[in-house]
Amino acid sequence: MFLWRNNTSHDQENDSLQHESKINELKATIGPLSGHSLQYCTDACFRRYLDARNWNVDKAKKMLEETIKWRSTYKPEEICWHEVAVEGETGKIYRANFHDRQGRTVLILRPGMQNTKSIDNQMRHLTYLIENAVLNLPEGQEQMAWLIDFTGLSINNTPPIKSARDTVNILQNHYPERLAVAFLYNPPRIFEAFWKIVKYFLDAKTFQKVKFVYPKDNDSVELMRSYFDDENLPTEFGGRAILKYDHEEFSRLMIEDDAKAASFWGFDKKLQQAVNGHLGADGAPSPVS
């Protein structure tokens with residue numbers, strides 16, 4: 001038994017050393033960085049991209065370079081709430097006011113509450129909230145959890161395939177290893193055909209993180225409860241908390257976070273003033289237990 005433990009510890013130490021070596025190798029192959037790219041590419045960032053590509057340096061390099069290029073043009077860190085607030089009026093996606101048992105930020109998605117037509121704007125809204133979820137991660141935690149509520153979803157408002165593909169592309173390719181788990185709660189039958197197509201957009205790692213939960217399936221319910229406290233989990237997901245999305249209150253929180261993001265990324269004073277200047281802008285809903 002002692003030898004087994006000793007060998008296990010030795011293997012873990014070797015893995016750690018190999019991982020550090022690959023992080024340094026990836027840093028070297030990426031080369032010098034500047035501006036927001038330098039700020040984005042921390043050791044933890046390199047580790048996530050390597051992890052997403054099973055520690056293959058060449059594949060991780062390609063993936064990270066594509067993200068750096070995407071961030072330099074899309075500029076997700078510069079999206080402000082007032083630009084996407086109209087997308088949030090119904091609370092179709094928002095950051096919950098509770099965490100899971102591991103302290104992860106939680107995003108609640110309600111596809112049945114879709115209120116706009118532009119997929120491009122919807123993706124900017126999603127990207128903004130992913131950035132916001134990352135901004136609000138507690139120290140030592142790098143991942144978020146998604147709770148997906150299908151209330152109100154019908155054949156008339158099922159998301160187009162392009163919307164699902166774009167969502168997967170953003171999350172999987174530009175925020176690798178940021179998602180810990182996604183619980184799809186009691187999806188209706190009409191979702192089955194949609195899922196049969198969407199699942200082929202997912203890589204193996206992301207696919208394993210998607211969990212279907214049905215109220216009459218005790219195993220799936222217990223799995224979700226292993227991640228969430230019943231007192232925090234909204235009734236829409238079988239918990240005890242009353243879910244209320246207050247757009248005005250949520251907007252106020254997002255505007256405060258815009259100022260935090262501006263400070264974190266080192267935006268100039270004009271941008272920070274612009275962010276602060278929208279304190280009276282139309283808001284977005286916020287969850288209240």
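**Close-up views of a predicted model**

View 1. With a relative accessibility of 17%, histidine 247 counts as buried (buried means under 20% relative accessible area, with a 1.4 Å probe and protein chains only). Histidine 247 belongs to helix H11, residues 247–265 (helices are DSSP runs of H or I, at least four residues, numbered from the N terminus). A polar atom of its side chain lies 3.1 Å from the backbone oxygen of glycine 88. This is a predicted model, where local features need pLDDT of at least 70 and side-chain atom pairs count only at pLDDT 80 or more, while totals for chains, interfaces and linings use all residues. Residues are numbered from 1 along each chain as its sequence is written, and side-chain values use heavy atoms, leaving out hydrogens and water.

**View 2. Helix H6, residues 119–135****.** Take a look along its 17 residues: the helix reaches 24 Å from first C-alpha to last, close to the 24 Å expected at 1.5 Å a residue (the expected span is 1.5 Å times one less than the number of residues). Of the 17 residues, 12 are buried, so H6 is largely enclosed by the rest of the structure. Among them are Met123, His125, Tyr128 and Glu131.

**View 3. The lining of the largest pocket.** Here 30 residues form the lining, and Val134, Leu135, Arg178, Phe264 and Trp265 lie nearest the centre of the pocket. H11 gives the most to this lining, with six residues. Domain 1 (28–74) and domain 2 (81–259) both contribute, so the largest pocket lies between them; the domain bounds come from an automatic or database domain assignment.

Definitions and conventions:
Helices (H or I, at least four residues) and strands (E, at least two) are DSSP runs, numbered from the N terminus. Buried means under 20% relative accessible area, exposed over 50%, partly exposed in between (1.4 Å probe, protein chains only). A polar contact is a pair of N or O atoms within 3.5 Å; within protein, one must be able to donate a hydrogen and the other to accept it, and residues adjacent in sequence count only if both atoms are side-chain atoms. On a 1 Å grid over the protein atoms alone, a cavity is a set of points where a 1.4 Å probe fits but cannot get out, and a pocket is an open set with protein on both sides within 12 Å along at least five of seven lines; lining residues have an atom within 4 Å of a point.
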